[in-house]
Amino acid sequence: MPLKSYKPTSPGRRFLKTLDYSNLTKKKPEKALTAILNKRAGRSKVTGQITIRFRGGGFKRKYRLVDFEYRKPDIISEVKAIEYDPNRSAFIALVLDSDGEKRYVLACENLKVGDKILFSKNKIEIKNGNSMPLKYIPTGTFVYNIELQPGQGGKLVRAAGSYAQLLAQDGKYSLLKFPSGEIRKILSECQGTIGQVSNIDRENIVLGKAGARRWRGRKPKVRGKAMNPKDHPHGGGEGRSPIGLVKPKTKWGKSALGVKTRRPKKMSDRLIVKRRT
């Protein structure tokens, strides 16, 4: 999708680059496939305490009920619309099943209105948007919306422009290279959708001004060394002073640079052939 530039009529529009949404075919979502999305502003649902800082505000959104679960196999679906989804970076496709039901699915790149796609548990045509178990997909193919466990629904590779490459079949496992560079084994019975996730130009957008982030529910991030000592380990000092530590720390005093966050001795470690780069 091409990017739109603007005349520099203000500082906020000088470097602004947005996506041209004129190619999308529907402006309003399907009412029956939306749900109310309550905002939490980075607070815990249980305690109400802030668990993610610098969140809050932003436009009100409705959640689109996207089918990640491949719950209707062997039913041909026709693409009726390609739509914007404010809750994710990729576009979604409104499909009409041959039995008359409408659903939202994650749209792949180059998917168009009128295209027919198929979800199946058996070997089917290798075509963008079609979904089948990984054991039936040829090596070298790009896939997205991949299950971690059979029947669980797609969990991996769902962001705009992303894809995983199927490298090989190894017994009951398929070997996949993910966008992070990690090479990992996934059960061959797991479903994957052929192609690349839509909206590949999203990484090139420029918001142009701080207010555009506020619209998206992101508040300004405050530097630790701009705080007082009681609020952050980096705080204090006269003027613009350095952090005064051997290595940076989080607000709670834990190391913040180059620290591995993955839990040691995790069960799925045995399935990772090569760590992410």
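What we have is a predicted model, in which local features need pLDDT of at least 70 and side-chain atom pairs count only at pLDDT 80 or more, while totals for chains, interfaces and linings use all residues. Residues are numbered from 1 along each chain as its sequence is written, and side-chain values use heavy atoms, with hydrogens and water left out.

Let me begin with the rings. Rings of Phe, Tyr and Trp (for Trp, the six-membered ring) pair if their centres lie within 6.5 Å, and planes under 30 degrees apart count as stacked, over 60 as edge-to-face and the rest as tilted. By this rule there are four aromatic pairs. One of them joins Tyr-21 and Tyr-84 edge-to-face, at 5.3 Å centre to centre with 65° between the planes. Tyr-21 lies in the loop between β2 and β3, and Tyr-84 in the loop between β5 and β6, 63 residues apart; strands here are DSSP runs of E with at least two residues, and helices are runs of H or I with at least four, numbered from the N terminus. Tyr-21, Tyr-84 and Phe-91 form one aromatic cluster.

Another pair, Phe-59 with Trp-215, is tilted, at 6.3 Å and 45°. Phe-59 is in the loop between β3 and β4 and Trp-215 in helix α2, so this pair ties together parts 156 residues apart in sequence. Is Phe-59 buried or exposed? With a relative accessible area of 53%, Phe-59 is exposed, whereas Trp-215, at 43%, is partly exposed; buried means under 20%, exposed over 50%, and partly exposed in between, with a 1.4 Å probe and protein chains only.

Turning to the strands, β6 and β7 pair in the antiparallel sense over five bridges, where pairing requires at least two DSSP bridges. Four of the five residues of β7 are buried, so this strand is largely enclosed by the rest of the structure.

Finally, the pockets. A pocket is an open set of points on a 1 Å grid over the protein atoms alone, where a 1.4 Å probe fits, with protein on both sides within 12 Å along at least five of seven lines, and lining residues have an atom within 4 Å of a point. The largest pocket is lined by 44 residues, and among those nearest its centre is Trp-215, the residue paired with Phe-59. Helix α2 is one of the elements that each supply at least two residues of that lining.
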